[in-house]
Each structure stands twice: as C-alpha cells, then as structure tokens.
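This report covers aromatic ring pairs and a sheet. The structure is shown first.

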Amino acid sequence: MTYQDIHAARFLARPNRFIAQVELDGAVETVHVKNTGRCRELLLPGCTVYLEGSANPARKTRYDLVAVEKGRPGLPPLLINMDAQAPNQVFREWMEAGGGQALGLPRPALLRPETVWGRSRFDFYWERTDVSHETSVLRKGFVEVKGCTLEEDGLALFPDAPTQRGVKHLRELIACREAGYETAVCVVVQMAGMAAFSPNDRTHPQFGSALREAARAGVRVLAVECATAPDSLTITGPVPVRL
C-alpha cells in the first residue's frame with residue numbers, strides 16, 4: 001500500500017488518543033493519529049514522524065500521522081508504520097497476490113473482509129476449491145489480522161495494551177476450527193528486521209495464554225514483517241513465532 005503527499009515533522013505532544021501536535025515547516029500543527037493505541041514508546045517529544053496530507057477541505061485536521069522513527073541507542077532509527085488500518089490492507093494485497101502460500105495460506109478464489117461468525121466479526125473469510133483428478137474439495141477459512149508496532153531488543157510483541165477483544169477473537173477461532181474451518185491469526189509486524197514475534201505476556205498474560213491455547217487447538221499462528229517507507233508498507237515475508 002502507498003500513501004500520498006507525505007511530510008516529515010517533529011512530534012511535540014499527544015493531547016488525547018485521536019490527535020497529536022507536531023512541528024511542521026516551523027509551525028505547530030494539530031494532526032489526526034491513525035492509531036488509538038497507547039504507542040507511548042513511539043511518540044516521544046522530538047521524534048520524527050511522517051504525515052499524509054488530506055485533500056478533503058471539510059476535515060478538521062489537514063494531516064494523518066502514519067509513521068514514526070523510533071530511536072535506538074547505537075543503531076539507526078527504526079521506521080515503524082503505526083497506521084492501524086494498514087495491516088488489513090497490506091494483508092489483503094499479499095493474500096490476493098499469492099504471498100500467503102509460502103506460509104500455507106491458499107491463494108483464495110474468494111477473500112471477503114469483515115465476516116461475522118458466531119459472536120465475532122473476523123477480518124477475513126476465504127474460500128478456494130482444490131481440484132484433484134475427478135474430485136474437488138471446497139476449502140473455507142477465517143483469518144484474524146493483528147497489527148504490531150511494539151519492538152523490544154529486536155523482538156516484535158503484541159499487544160501493547162490489554163485486549164479482551166483479541167482474547168475473544170482467539171476463542172472464536174478455536175470454535176471455528178472445531179466446526180471444520182481452517183483458521184489462522186496473522187500478526188502483521190509494521191516494521192522490518194525483527195528476530196521473532198512473541199505474545200506480550202508482561203502486558204496481557206491472558207492474551208498470551210489464549211494464543212497458545214489456540215495454537216494447540218490447530219489455529220495457525222503466523223507473523224509477517226514489512227518493508228516500511230514513509231510513503232509505503234509492503235509485506236515481505238515470515239517472522240519466526242515464539243510462543
């Protein structure tokens with residue numbers, strides 16, 4: 001996925017979870033933050049952030065904050081995309097291009113977003129008919145996508161805050177699996193160069209326990225990393241998962 005009209009700015013403050021104040025071209029600008037998570041380790045005063053300009057004159061803010069440079073002692077800054085809407089978009093592009101086949105996910109004939117099953121609305125439902133000799137098998141599955149922006153010493157971690165919604169989705173994926181669907185949770189790491197992905201047990205041990213339970217029940221736990229640039233985000237390949 002790509003962004004248009006990108007500008008570098010200096011982060012100043014975040015009055016609430018929806019907006020931030022930045023210095024852009026020598027003036028203070030209030031911008032929309034496309035991530036309502038805490039992001040406390042990312043949005044530090046003085047850091048470099050990247051904004052996408054909007055062409056909508058009716059908006060209250062002229063820019064969206066979509067990426068940030070995270071400082072690392074002795075290392076170059078790590079560019080992290082923090083657009084909460086981006087993981088689903090890049091996952092869909094990746095799946096439709098057949099990238100998921102490297103991780104055992106099919107190139108689907110049907111890939112439908114925001115599909116309700118049971119008490120949950122999953123990010124994607126997919127179908128594909130596999131034909132072999134004179135038989136055909138309709139495969140059906142659900143995938144829940146999680147965006148990951150938290151990095152510690154080269155390890156990608158999720159979540160960065162407690163998520164009961166995330167635990168609920170894992171329980172429902174287990175139920176889907178028991179009902180005969182293929183199921184997966186895919187963590188889209190919105191940065192590059194991570195050694196592995198792990199659940200953030202320190203922040204939300206219940207999510208980590210639910211993720212391990214889902215894996216034991218046959219839900220595939222996958223993680224992929226992205227090539228990041230101020231104006232683009234692209235899934236490049238798998239990241240090892242440490243449960």
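Are F91 and W94 buried or exposed? Both F91 and W94 are buried (buried is under 20% relative accessible area, exposed over 50%, partly exposed in between; 1.4 Å probe, protein chains only).

The model is predicted: local features need pLDDT of at least 70, side-chain atom pairs count only at pLDDT 80 or more, and totals for chains, interfaces and linings use all residues. Residues are numbered from 1 along each chain as its sequence is written, and side-chain values use heavy atoms, with hydrogens and water left out.

Eight aromatic pairs are found in a search of the whole structure. Rings of Phe, Tyr and Trp (its six-membered ring) pair if their centres lie within 6.5 Å; planes under 30 degrees apart are stacked, over 60 edge-to-face, and the rest tilted. Two of the pairs are tabulated.

| Pair | Centre to centre | Angle between planes | Class |
|---|---|---|---|
| F91 and W94 | 5.8 Å | 50° | tilted |
| Y125 and F142 | 5.1 Å | 50° | tilted |

Y125 lies in strand β8 (residues 120–132) and F142 in strand β9 (residues 135–148), so their pair ties together parts 17 residues apart in sequence. Helices (H or I, at least four residues) and strands (E, at least two) are DSSP runs, numbered from the N terminus. Y125 is buried, at 6% relative accessible area, and F142 is buried at 2%. Ring pairs link W117, F122, Y125, F142 and Y181 into a cluster.

β8 and β9 belong to an open sheet of six strands, ordered β7-β8-β9-β12-β14-β15, with mixed pairing (two strands pair if DSSP finds at least two bridges between them). Its edge strands, β7 (110–117) and β15 (232–238), each pair on one side only.
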